[in-house]
Amino acid sequence: MSTTNPPEETMPDIEIDPRDLRHLADAQMNVELDTGDMILNLGPQHPATHGTLRVVVRLDGERVISADPVIGYMHRGYEKLTEFRTYPQITTLINRIDWLSSFANEVPFIDGAEKLMGVTAPPRAQYIRTMLTELSRIATFVLFLGEMSLQVGGITPAFFGFRDREHILNLIESATGGRFHPNFNRIGGIKDDLPWGWLSETRSAMQKVLDSCDDFEDLVAGNEIFQARTRSIGIIPGDLGATYGVSGSNLRASGVDWDLRRDGAPYLVYPELDFKVWTHPDGDSYARYMVRLQETRESARMVVQMLDQIPEGPIMAKVPRIIKVPEGEVWVETENPLGQMGYYIVSKGGTGPFRVKIRSASFSNVSILPWLLRGVYVPDVITILASLYFILGDIDR
Amino acid sequence: MGLVDGGALGRGAKKPGLLGTPARGVSWLLNSSRRYSLWMFQWGLACCAIEMGAALASPRYDAMRLGVIPFPASPRQADLVVISGTVTDKMAPAIKRLYDQMPDPKYVISMGSCANCGGPYWDSYSVTKGIDQIIPVDVYVPGCPPRPEALLQAIVMLQERIQLEGVGNDEMQQRFRGEPIVVGGARELAAEAART
């Protein structure tokens with residue numbers, strides 16, 4: 001963008017007050033300096049980008065003219081690798097797609113394989129799966145609640161986020177043996193029953209989560225500086241977001257009342273649960289924070305509900321020792337913490353799938369970035385990136 | 001540093017330790033100053049970055065009590081880099097470039113199976129199978145992902161090795177000739193057995 005002086009004859013002939021001469025000199029200097037665009041590289045390794053996303057930002061002064069996310073720094077070739085693995089081995093891999101909520105990644109894939117085989121997991125296994133899914137949702141969101149404030153300069157809540165995450169990881173570890181790559185689902189059920197005392201531990205941990213949600217609401221969301229940095233910044237209109245494929249909390253923060261746990265094909269035990277889908281009309285960074293805050297509380301309440309309702313019984317259906325999935329195709333989608341996650345599994349009848357298409361939430365969520373970042377100021381780029389909350393493994397796969 | 005280079009003040013062969021011969025005199029002083037002021041440039045890549053974040057930034061693990069200071073502004077101020085997570089072929093040149101920017105003496109901790117050897121992506125077309133193909137590695141932390149305690153153990157073991165180093169120029173160049181340290185490896189188990 002180069003600005004040129006208007007032609008001489010069109011200059012208005014006005015009296016110049018000597019007091020204005022200084023300002024005029026400044027203005028003249030600004031015109032003469034060629035303010036070329038500045039290209040700024042955010043990433044591939046930058047503390048604000050949650051991993052290895054690279055955003056090439058073109059700046060005019062402090063204002064962003066265009067922003068192009070460059071992805072692929074974390075591409076690990078999942079879809080190709082699934083062609084060479086058996087179904088139980090794939091569960092190990094897909095844990096690592098969205099590494100913050102690993103358990104939630106397993107659920108749709110196992111669900112799809114079970115649908116192809118015609119197997120249904122027993123009710124107790126379904127309950128345990130749902131509980132662990134919601135626990136991983138809480139573990140994801142409490143980290144967000146802390147980290148979001150880190151991006152606007154408040155360091156203390158980040159420690160709170162990690163502290164609360166450890167409560168949840170303790171529970172997941174005691175049930176599954178893994179801190180955050182549980183690999184706990186089996187086709188037809190789950191690996192082990194819950195350990196003794198897990199239910200009461202979970203109940204007290206959920207109380208801790210609810211308490212710390214109150215802390216976050218006071219400390220972060222109620223903070224004046226935080227609101228000034230996030231309110232009416234990075235607004236995603238609901239219909240436009242849906243067109244870009246934005247899903248999950250990011251879309252609900254734009255006022256779209258859509259949650260696959262309630263609106264999608266029924267999976268796990270969500271039809272039996274009583275829960276509220278939170279939305280926010282604003283669609284800005286603050287709305288995304290508030291929606292995730294409320295969803296953390298809602299998930300904690302859902303876990304407590306399930307603790308009361310969980311039935312006794314077996315945890316594993318009768319399945320053959322060597323898993324062979326009959327020929328067929330299936331599409332399964334679930335509501336992951338980051339949004340809609342789906343697997344399209346094509347089986348030609350063998351121990352492994354023929355082809356798996358992975359629809360991950362973050363890839364679609366960041367596809368709105370070029371539109372969203374146009375015209376914002378540089379410091380707001382960081383808060384918008386943080387509030388969209390993507391995981392790089394989920395983008396690049 | 002003629003005296004140090006000549007080995008007059010360092011490398012007193014008093015008693016060979018488990019990781020080498022302990023340094024003495026000025027070398028000892030310099031080494032123990034370096035070992036407790038490691039500036040760690042973190043290279044968070046994948047799942048392990050979250051565990052590294054838990055080790056560094058969470059109140060439960062708190063790596064700063066070991067003398068490791070995270071978050072230098074630039075690799076040019078760092079002594080230690082933790083490569084935590086999957087290194088893809090697209091990312092590898094950037095890692096090499098930032099490693100080259102670090103001033104000597106510099107140390108590398110390779111965290112997690114992906115950085116060590118490719119891990120679960122050992123047959124993937126886009127993953128670099130082992131960061132040690134690109135940069136020399138001091139400590140390997142196995143696990144997928146390793147627990148934060150394992151990273152803390154890696155830091156402690158690296159500090160022990162720094163304490164045993166000579167500070168002459170030639171010894172600095174020969175640093176990578178030693179056997180790499182593996183957390184939970186045979187050498188550590190032997191050291192543990194010798195202690196008890």
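Helices (H or I, at least four residues) and strands (E, at least two) are DSSP runs, numbered from the N terminus. I start there since my entries name several of them.

**Ground rules.** I have a predicted model, where local features need pLDDT of at least 70, side-chain atom pairs count only at pLDDT 80 or more, and totals for chains, interfaces and linings use all residues. Residues are numbered from 1 along each chain as its sequence is written, chains are lettered from A and ligands numbered from 1 in written order, and side-chain values use heavy atoms, with hydrogens and water left out.

**Entry: R137(A).** I looked up R137(A) and found it in helix α5 of chain A. Is R137(A) buried or exposed? Its relative accessibility is 1%, so it counts as buried (under 20% relative accessible area; exposed is over 50%, partly exposed in between; 1.4 Å probe, protein chains only). I then listed its contacts (heavy atoms within 4.5 Å). Not counting residues up to four places away in sequence, R137(A) touches R261(A), Y270(A), S299(A), E335(A), N336(A) and P337(A).

**Entry: the cores.** Next I checked nonpolar cores (sets of buried Ala, Val, Leu, Ile, Met, Phe, Trp, Tyr and Cys residues joined through side-chain atoms within 4.5 Å). The largest has 140 residues. W99(A), L135(A), Y289(A), I83(B) and I109(B) touch the most other members. Helix α5 of chain A, residues 123-151, gives this core its largest share, 13 residues. A second, separate core has 27 residues, including Y78(A) and M341(A).

Leaving aside neighbours within four places in sequence, its contacts include F144(A), M148(A) and F216(A).

**Entry: α5(A) and α6(A).** Helix α6 of chain A covers residues 156-176. How do the axes of α5(A) and α6(A) cross? They come within 7 Å and cross at roughly 165° (lines fitted to C-alpha atoms, for helices over the stretch in contact, with angles from 0 to 180 degrees between N-to-C directions). The two helices are therefore roughly antiparallel (over 145 degrees). Among the contact residues are L135(A) and V142(A) of α5(A), with F162(A) and I168(A) of α6(A).

Entry: I noted a cis peptide bond from C144(B) to P145(B), with omega near -10°. P145(B) lies in the loop between β5 (139-141) and α6 (148-164) of chain B.

N183(A) is not a glycine, yet its phi is positive, about 50°. I placed N183(A) in the loop between α6 and β4 (185-186) of chain A. At 22% relative accessibility, N183(A) counts as partly exposed.

Y389(A) is not a glycine either, and its phi is about 55°. Y389(A) sits in the loop between α15 (378-388) and α16 (392-396) of chain A. At 1% relative accessibility, Y389(A) counts as buried.

Methods: Angles under 35 degrees count as roughly parallel, over 145 as roughly antiparallel, 65 to 115 as roughly perpendicular and the rest as oblique.
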